[in-house]
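Visitor: Can you walk me through this one? Keep it quick.
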Amino acid sequence: MAEKLSGQTAIVTGSSRGIGNGIAERFAEEGANVVVNSRSQERAEEVAKAIESAGGTAVGVEADVTDPNSMEALVRTTVETFGGLDVLVNNAGVTTLDRAEEFDLEEWRTVVDVDLTGTFIGCQVAGRQMIKEGGGGAILNMSSLMGGRGLQMRSPYCASKAGVNNLTRTLAVEWAEHDIHVNALAPGFIWTEITDQTQSAASYTDDDIRDRTPLNRFGTVEEMAECALFLVGRDNFVTGEVLYADGGWQAYGWGCGDQ
Ligand code: NAD
């Protein structure tokens, strides 16, 4: 079967671990030239090497998504290495848990800076390049189930991801004339390092999450990579969409305990 991203070049931010790593590996399996990004050049190169060892094509490039100069350099290196840019996944994200009345404003700003402003910066630098190349493109923004729902202790995260959803719709409308498809993926609870850290500070257990999820389990990184592949495909008339991959959480009408 033909590889779905053959000959295309894709940047995946924050792809040295977790969902981003899974997306980078999956895109490479589908024939993409993958740019693995991390704030550490060493980590980015390590993951790129692993992808190359598995038969893919990848380079590792350090960049901080909150810094426009560093993101411009990431796009520049991508174009110098592979000749263009077709796909950007704004995957990098952080979360901090605290009660809203206690939330430290610096921590609030950090979450908004990475999750919302960092996503906009990524869209902006990639969008400029795609418009310049004139061949269209695909941008996928990583949202969250919590972009459409409230969850205690996560005010900047929920606010940022809700912002990501409407930023996605806005850019999809604005850049349709350039054939740039802009979509968002909103995962439910996926087991990665971020979940590990936040779960230990949360007031609900893993079993509470399973009980509240109709599929009765956490999602996997591989499942998120499959959704990402569909959303960057540009063969499906889908743009401006927020795809909830949450095991049925949003569809479920029953209560959710103290959440
Ligand atoms: P993760 O913490 O394992 O990965 C996030 C990555 O982003 C890390 O590699 C981190 O170093 C990187 N990163 C953070 N700040 C950065 C910055 N300023 N510049 C560049 N890279 C930066 O988390 P994950 O679970 O793989 O999450 C990936 C994305 O999916 C995030 O946007 C997250 O909000 C979203 N998400 C995750 C879940 C889940 O259950 N795991 C659910 C919904 C949404």
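Guide: First a term: buried means under 20% relative accessible area, exposed over 50%, partly exposed in between (1.4 Å probe, protein chains only). This is a predicted model: local features need pLDDT of at least 70, side-chain atom pairs count only at pLDDT 80 or more, and totals for chains, interfaces and linings use all residues. Residues are numbered from 1 along each chain as its sequence is written, and side-chain values use heavy atoms, with hydrogens and water left out.

Visitor: Is L5 buried or exposed?
Guide: L5 is buried, with a relative accessible area of 2%.

Visitor: Where does L5 lie?
Guide: In the segment before β1. Strands are DSSP runs of E, at least two residues; helices are runs of H or I, at least four; both are numbered from the N terminus.

Visitor: What is L5 in contact with, leaving aside neighbours within four places in sequence?
Guide: F27, E30, G31, A32, L229 and V232. Contact means heavy atoms within 4.5 Å. L5 and V232 are 227 residues apart along the chain, yet their C-alpha atoms are separated by 9.0 Å.

Visitor: New topic. How many residues are in the largest nonpolar core?
Guide: It has 33 residues. Such a core is a set of buried Ala, Val, Leu, Ile, Met, Phe, Trp, Tyr and Cys residues joined through side-chain atoms within 4.5 Å. F27 and L185 are among those with the most contacts inside it.

Visitor: Which element gives the largest share of this core?
Guide: α8, with seven residues.

Visitor: What about a second core?
Guide: A separate one has 24 residues, including M71 and V114.

Visitor: And how much of the protein is buried?
Guide: Buried residues make up 51% of the 259.
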